[in-house]
Amino acid sequence: MNDIAGRIETANREALGRMIAGDPVLVDVIPAAEAIPSLQDRMILHAGPPVDWERMCGPMRGAVAGIAVFEGWAPDLETANRMAGEGAFDFRPNHHFDAVGPMTGMTTISQPVMVVENRAFGNRAYCTINEGLGKVMRFGGNDAEVLDRLRWLRDGFGPAMGRALRSGEGIPLKPLVARGLTMGDEMHQRNVGCTGLMLRALSPAMAASAGDLDGLARALAFIGGNDQFFLNIAMAMGKAIMDPVRDIEASTIVTAMSRNGTEFGIRVSGTGDTWFTAPVEMPEGLYFPGFTEADANPDMGDSTIVETVGLGGFAMGAAPAVAGFVGAGTASEAANFTRSMAEITLGENPEWTIPAMDYRGVPSGIDIRLVVETGLAPTINTGIAHREPGIGQVGAGVVRAPLACFHQALRAFADRMGVS
Amino acid sequence: MSRVIVNRVRKGLYLDSVALMRFSRSIAGLAGVEEAALMMGTPANLGILVEAGLLDGAGEHAKGGDLVIAVRARDGDSADAAVAKAGELLDQPRLTRGETAAWRPRTLRAALNQVPEATLALISVPGDFAAAEARKAIRRGLDAMIFSDNVPLADEVALKREARDLGRLVMGPDCGTAIINGVPLAFANRVPSGAVGIIGASGTGIQEVSCLIARNGAGISHAIGVGGRDLSEAVGGISTLRALDMLARDPASERVVLISKPPAPEVSARVLEKLSGIGKPATVCFVGAPPMAMPANAVQAFTLREAALRSVGVSGETPPPALPPVPTIAPGRREIRGLFSGGTLCAEAQAVMLAGKIAVASNAPIPGAAPASTGAAESLLLDMGDDSYTRGRPHPMIDPEVRDDAVRQAMADPSVAVILADIVLGFGAHGDPAGHLARAVRAAGGAERALLIASVTGTEADPQIRSVQIAKLEEAGILVAPSNADAARWACEAVQR
């Protein structure tokens, strides 16, 4: 018994060590097919654990139809829907292809993906470019405006950003995020600081490598006009940090949390690639004018990788405004979210600190044993999509990971360790 | 009725979107308002306002740095009122009145991060989980006090053995009272600091002794509870032995008092042997035990009162105060009925009465007393804190109502000569136990009734204030003895006269 406890402790120390040692650098933007050679034609990567068309929620179906038209696999949304129902597309989770995607998380061959390299371990992770606010594919939007923007990201913005990144050494993300935390970002719902820092880091090289001034102006305005531009970079960073933590025998650390709009799933280092899933919960939050809870789709997206590395809901104390989605919205409540997440994590990240909490490090390394013992589920900051396809974002809020995932994971872990 | 859309633009005023969404929600809830939004005038947000049917000519010229108040209402008055209210909120953008949300850690680990210098964990969780929590505490180098009861005996044994190996102290399980470095934990009285260190396998025993020490002008260094089963054969006195070591090393503890029910013989021998080696004068009170051979540095006391007096240097033979004049008891009344909230106080009263040659029965009989069910003795002393009374109800020290029925019955019973009761004060206890008993006695009424005798375990510094509690009892015609032992002795005298 004590031997097992000792093995777990050693394994978890190794896991947390790898998390802290991660050195994520944004190095490139390239087409998904190039980044992920196993990504095939008519293959659609989606957010969350595996899900088939029958069980897919409304907004994810909307995004599937949109991306099929975008890729030229279907002439229109209606045909795309029919084809999806007939099994014309191969649905796979982003997480199985070194990728992550926000909300619906559509990743397909011709979309440009940002490349984050973890230079401490040599692995890479990928995420598409954030489309901005309003009607966007990640929230299930699929009309002409949405598809036109995706085409421009593919043909204009993505190549420009890739050229700029390739002209330098890449942009180290760990110090950038550390700085963002001091500027009020928690990297899930607040990315204003990091987006500004990224714009500052990118724009000289983008200008130097720009083909035409109009294109450059549009690209810079696109970054500057999107408070959430950095979110997708933070997500690829999270994936790049967590992948080397996978498959450590006897470790109880969560390596991924993810939702497909139907189910919430987690993966644990010591239990390999198994997803432990449970029905997703409904976020508690605030809605845009004209929308209510009745319009909301349950929780969705791979963006919870941000919480998995200790940001987002775990770093709420850095972004007090976000606590306003629930409760009284005071800064002290925001700090308490972070403190309570420290109850379910192995340690703090000494490089990512929160000034208003006396420079306490963000809680890092979710331990399934601590989640089950305390009954405290991870807090997740999230956007809220409309439940119907094609409408888009209707609000934002805070949601908890379902405890059932952690119970299952702990049972499976115990089996594996030979504990009954 | 025609709908009215009103937009106001506040130029150059920025507020965070979440704060604005909160304001939007409260404005949208006002009377007559169909929909409302406060948003920064970015192109994306203006698009949302158009979709929601909220934008008018004023709003559509807003810039990204301007704040738009947009209201759609049933009539102009409602719209204007809503816009005015929104303006008020914006000019006082605080979300709350500055209350700070308190933080309470959920786990020992988080608590220790907050207070790394802590040396003791107080554990109060359902009994099945208490040993697991205590194990975490001792493995982190803390001593543990377990308030929880219903901890399996096997858990207690395993836990205390591990604690012994780790050099840690486990107080409890079912440890209701401790005072460490002057800090009262759980049920405890406010007593001055002093030279007497107490080790007790009983909560009310510690309370009575520490209060009597305080009332005799002395004080205590520490009071260490060890749990009612510590001196059983199974546990073997592990915590008591550890506590004796600690008091032996503690310079503030010049004298030691040990309180317990009579231990298992071999455990008693081990404890007395340890006691002989501590090099400090000691008083041993195994309530209900016969005279025993004591080590040279120890004396045996037979009541809590005697233990307290001896530990402060007053001879145990000090005569107790005489029974004040009381009305003659009718000849048919012979029984003493004791209704106790404190288990050890009940045991002490039995010891006093047995010494006074009165046969007693109890639901918690000491050696020499009969079990309550046999009906072998006239006098019946009940421990009303026993599980059979408290299952699903609070302990009588917390809620004295548990005792009310028994008080009524005893007062209506023509064979009862004396009703004996304890009043226990201090932290954790009921706010006015004497007032409660006085009301129960008054409600029972009756011109011809039993004599009521009580004692008050407590100090003037306790939240309930001992003198205030005594006055309430006396006002209700209840005789108040200076100690629980004195009350029992008075009861004997009254029936034997």
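Trainee: Where in chain A is Asp98(A) found?
Mentor: Bearing in mind that this is a predicted model, Asp98(A) is found in the loop between strand 3 (90–93) and strand 4 (99–100) of chain A.

Trainee: Why is Asp98(A) called buried?
Mentor: A residue is called buried if 20 or more other C-beta atoms lie within 10 Å of its own, and Asp98(A) has 20 other C-beta atoms within 10 Å, so the label buried applies.

Trainee: What makes Ile465(B) partly exposed?
Mentor: Exposed residues have 12 or fewer neighbours, buried ones 20 or more, and partly exposed residues are in between; with 14 C-beta neighbours inside 10 Å, Ile465(B) therefore counts as partly exposed.

Trainee: Which peptide bond of chain B is cis?
Mentor: The bond from Gly172(B) to Pro173(B) is cis, with omega near 5 degrees, and Pro173(B) lies in the loop between strand 6 (170–171) and strand 7 (177–180) of chain B.

Trainee: Turning to helices, how do you know that the length of helix 8 of chain A agrees with its number of residues?
Mentor: The 12 residues of helix 8 (residues 213–224) of chain A, at 1.5 Å a residue, should span 16 Å, and because its end C-alpha atoms are 16 Å apart, the two values agree.

Trainee: Why are the buried residues of helix 8 of chain A said to line one face?
Mentor: The buried residues of helix 8 of chain A are Ala219(A), Phe222(A) and Ile223(A), and seen down the helix axis they fall within an arc of 95 degrees, so they line one face of the helix. The face turned away from that buried side carries the exposed residues Leu213(A), Asp214(A), Ala217(A) and Ala221(A).

Trainee: What covers the buried residues of helix 8 of chain A?
Mentor: The cover includes helix 5 (144–166), helix 7 (192–208) and helix 9 (229–242) of chain A.

Trainee: Why are helix 5 of chain A and helix 7 of chain A called roughly perpendicular?
Mentor: Their axes come within 8 Å and cross at roughly 100 degrees; since angles of 65 to 115 degrees count as roughly perpendicular, helix 5 of chain A and helix 7 of chain A are therefore given that description. Where the two helices meet, Ala160(A), Met161(A) and Ala164(A) in helix 5 of chain A face Leu202(A), Ala205(A) and Met206(A) in helix 7 of chain A, and by class this contact has six nonpolar, no polar and no charged residues.

Trainee: What makes Glu263(A) a buried residue?
Mentor: Glu263(A) is found in strand 9 (residues 263–268) of chain A, and because it has 22 other C-beta atoms within 10 Å, it is buried. Leaving aside neighbours within four places in sequence, the contacts of Glu263(A) include Gly48(A), Pro49(A), Val51(A) and Thr277(A).

Trainee: How do you know that Arg255(B) is buried?
Mentor: Arg255(B) is found in strand 11 (residues 255–260) of chain B, and with 23 C-beta neighbours inside 10 Å, against a cut-off of 20 or more, Arg255(B) therefore counts as buried. Leaving aside neighbours within four places in sequence, Arg255(B) is in contact with residues including Ala195(B), Val196(B) and Lys280(B).

Trainee: Why is Cys346(B) called buried?
Mentor: Cys346(B), in helix 11 (residues 343–355) of chain B, has 30 other C-beta atoms within 10 Å and is therefore buried. Not counting residues up to four places away in sequence, Cys346(B) touches, among others, Gly338(B), Phe340(B) and Leu381(B).

Trainee: How many residues does each chain bring to the contact between chain A and chain B?
Mentor: The contact takes 22 residues from chain A and 27 residues from chain B. On the side of chain A, the largest share, six residues, comes from helix 11 (residues 331–342) of chain A, and the residues of that side divide into 10 nonpolar, nine polar and three charged.

How values were computed: Residues numbered from 1 in each chain as written. Chains lettered and ligands numbered in written order. Predicted model: local features only at pLDDT ≥ 70, side-chain atom pairs only at ≥ 80, totals over all residues. Contact = placed C-beta atoms within 7 Å. Helix = DSSP H or I, 4+ residues; strand = E, 2+ residues; numbered from the N terminus. Nonpolar A, V, L, I, M, F, W, Y, C, P; charged D, E, K, R; others polar. Expected span 1.5 Å × (residues − 1). Arc of directions from axis to C-beta. Axes fitted to C-alpha atoms, helices over the stretch in contact; angles between N-to-C directions. Parallel < 35°, antiparallel > 145°, perpendicular 65-115°, else oblique.
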